[in-house]
Amino acid sequence: MGEALKSSSFAANTNDKLKWCLRLNPKGLDEESKDYLSLYLLLVAAPNSKCETRAKFKFSILNAKGDETKAMESQRAYRFVQGKYLFVFTYWNKLCSFFFRKRLGI
């Protein structure tokens, strides 16, 4: 539902050859999830285009001081293939979604 936002590419650390990006649907995926955030993680670039990797991830919402206020962490390593989004989750938190959309003017 609505427009998806896509981050610029990033690496987990400075020596990492894997590049990632995040896609966010601020208004969910469908009518049922319209009040929530939906997140996807994409492996943008790897040393070999046929490369697959496994990774754990953690998403956090930080307050103005940079302190973690909400977090979602994978319990296991997921398989990533270059160029394919991995649906991470939806239904993060209605309040977090509200403030995120308000800040973006959505």
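A strand here is a DSSP run of E, at least two residues, and strands are numbered from the N terminus. I keep that beside me, along with the reminder that this is a predicted model.

**Entry 1: Leu62**

I started with Leu62, which sits in strand E5, residues 58-62. Is Leu62 buried or exposed? I looked up its relative accessibility and got 52%. Exposed means over 50%, so Leu62 counts as exposed. Next I asked what Leu62 touches once its neighbours within four places in sequence are left aside. My list came out as Asp67, Glu68 and Thr69.

**Entry 2: who pairs with whom**

I moved on to the strand pairs. E1 covers residues 5-6 and E2 covers residues 19-25. I found two bridges between E1 and E2, and the pairing is antiparallel. For Leu5, I traced the bridge across to Leu24 in E2.

Then I followed E2 to its other partner on my list, E3, which spans residues 38-45. How many bridges join E2 to E3? I noted seven, with the strands running antiparallel. I wrote down a couple of the partners: Asn25 goes with Ser38 in E3, and Leu22 faces Leu41 in E3.

**Entry 3: how covered is E3?**

I checked E3 residue by residue. Six of its eight residues are buried, so I can call E3 mostly covered.

**Entry 4: the core**

In soluble globular proteins, nonpolar side chains tend to be buried together. With that in mind, I looked up the largest nonpolar core here, and it has 13 residues. Which of them touch the most other members? I jotted down Leu18, Trp20, Leu41, Leu43, Phe57, Phe59 and Phe80. E2 and E3 each supply at least two residues of this core. E3 gives the most, with three residues.

**Entry 5: the second largest pocket**

Last stop was the second largest pocket, with a volume of about 160 Å³. I wanted to know which residues line this pocket. Sorting the lining by type, I got eight nonpolar, three charged and no polar residues.

Technical notes: Residues numbered from 1 in each chain as written. Predicted model: local features only at pLDDT ≥ 70, side-chain atom pairs only at ≥ 80, totals over all residues. Heavy atoms only, no water. 1 Å grid on protein atoms, 1.4 Å probe; cavity = no way out; pocket = protein on both sides within 12 Å on 5 of 7 lines; lining within 4 Å. Points joined across faces, edges and corners; volume = space filled by probe spheres on them. Nonpolar A, V, L, I, M, F, W, Y, C, P; charged D, E, K, R; others polar. Pairing = 2+ DSSP bridges. Helix = DSSP H or I, 4+ residues; strand = E, 2+ residues; numbered from the N terminus. Buried < 20%, exposed > 50% of the residue type's maximum accessible area, 1.4 Å probe, protein only. Contact = heavy atoms within 4.5 Å. Core = buried A, V, L, I, M, F, W, Y, C linked by side-chain atoms within 4.5 Å.
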